[in-house]
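Visitor: I've got a few minutes before my next run. Can you walk me through this one?

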Amino acid sequence: MGSLERFKIELKGQTEENASYEFMLDNDYFDAIEATEVKGGMLHATLDVHKTAGVYELNFHIEGEATVVCDVCLDDLQQPVCTDSSIIARLGERYSDEEEVITVPEEEGILDVSWLLYEMIALAIPTRHVHAEGECNAEMLTRIEEMTARMPEEDETDPRWKELEKLKSTIKE
């Protein structure tokens with residue numbers, strides 16, 4: 001399991017007006033974050049922090065491929081990801097992310113962006129994860145077809161229904 005220490009950004013100690021960070025998000029990152037929706041991947045993330053009057057504007061750009069599970073055949077699926085997001089942070093008394101602004105405790109002054117990066121990736125991936133036509137695991141598709149309940153043909157009526165129909169017509173009379 002990898003460490004997430006490299007994703008901690010020191011806001012309080014930022015002396016320059018602008019700062020930039022780069023992160024490689026690989027399988028070790030997804031294991032360390034204990035991701036559930038995204039199994040792994042290889043993504044490059046950049047973070048530009050712009051400081052103005054005690055407020056920090058964080059601009060994220062994430063690009064690469066994330067590994068998710070195909071909803072049909074359950075094999076791994078490489079999903080392209082390209083997303084940009086912005087977040088505003090400030091220093092305050094205690095941590096809060098309930099508003100549109102993230103408040104970081106001033107005495108600590110550190111913002112951990114590891115989970116923010118994961119959320120941005122998860123939101124950039126379509127809700128339905130399916131291979132392109134013809135790329136699903138053929139063996140699994142065959143098994144699914146075998147296990148799927150078959151609807152009876154119109155001429156294959158259950159004989160019990162016929163008997164119930166007779167009873168119904170007898171009651172009406």
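Visitor: Let's start with K39. Buried, partly exposed or exposed?
Guide: K39 is partly exposed, because its relative accessible area is 42%. Keep in mind that this is a predicted model.

Visitor: What does K39 form a salt bridge with?
Guide: With D76. The closest N and O atoms of the pair are 2.6 Å apart. This pair links distant parts of the chain, 37 residues apart. D76 belongs to strand 5, residues 76-92. K39 sits in the loop between helix 1 (27-32) and strand 3.

Visitor: And how accessible is D76?
Guide: D76 has 41% relative accessibility, so D76 counts as partly exposed.

Visitor: How many salt bridges in the whole structure?
Guide: A search of the whole structure turns up 4. Among them is K8 with E5, where the closest N and O atoms are 3.2 Å apart.

Visitor: Which side chain meets E139 in a salt bridge?
Guide: R143 does, at 3.8 Å from N to O. Both residues are in helix 3. They are 4 residues apart, so about one helical turn separates them. E139 itself is exposed, with a relative accessible area of 55%.

Visitor: Stay on helix 3. How many of its residues are buried?
Guide: The number is 0, out of 10 residues. Helix 3 covers residues 138-147 and lies largely in the open, because none of those residues is buried.

Visitor: What caps its N-terminal end?
Guide: N137. One of its side-chain oxygens lies 2.9 Å from the backbone nitrogen of E139.

Visitor: Switching to strands. Which way do strand 3 and strand 4 run, parallel or antiparallel?
Guide: Strand 3 and strand 4 run antiparallel, joined by 13 bridges. Strand 4 spans residues 55-69. Within this pair, T46 stands opposite H61.

Visitor: Which other strand is joined to strand 3?
Guide: Strand 2, residues 18-25, is joined to strand 3, residues 40-52. They also run antiparallel, with 8 bridges. A19 stands opposite V49 there. So strand 3 has bridges to strand 2 and to strand 4, by the rule that two strands pair if there are at least two bridges between them.

Visitor: How do side chains sit along a strand like that?
Guide: In a regular strand, side chains alternate between the two faces of the sheet.

Visitor: Last one. Which residues make the nonpolar surface patch?
Guide: W161, L164, L167 and I171. The patch is about 470 Å². W161 is in helix 4, residues 159-172. At 55% relative accessibility, W161 counts as exposed.

Conventions: Residues are numbered from 1 along each chain as its sequence is written. This is a predicted model: local features need pLDDT of at least 70, side-chain atom pairs count only at pLDDT 80 or more; totals for chains, interfaces and linings use all residues. Side-chain values use heavy atoms; hydrogens and water are left out. Helices (H or I, at least four residues) and strands (E, at least two) are DSSP runs, numbered from the N terminus. Buried means under 20% relative accessible area, exposed over 50%, partly exposed in between (1.4 Å probe, protein chains only). A polar contact is a pair of N or O atoms within 3.5 Å; within protein, one must be able to donate a hydrogen and the other to accept it, and residues adjacent in sequence count only if both atoms are side-chain atoms. Patches are made of residues with over 30% relative accessible area and no salt bridge: like charges are joined within 9 Å, nonpolar side chains (Val, Leu, Ile, Met, Phe, Trp, Tyr) within 5 Å. Accessible areas come from the Shrake-Rupley method with a 1.4 Å probe; for residues, only the protein chains shown count as cover.
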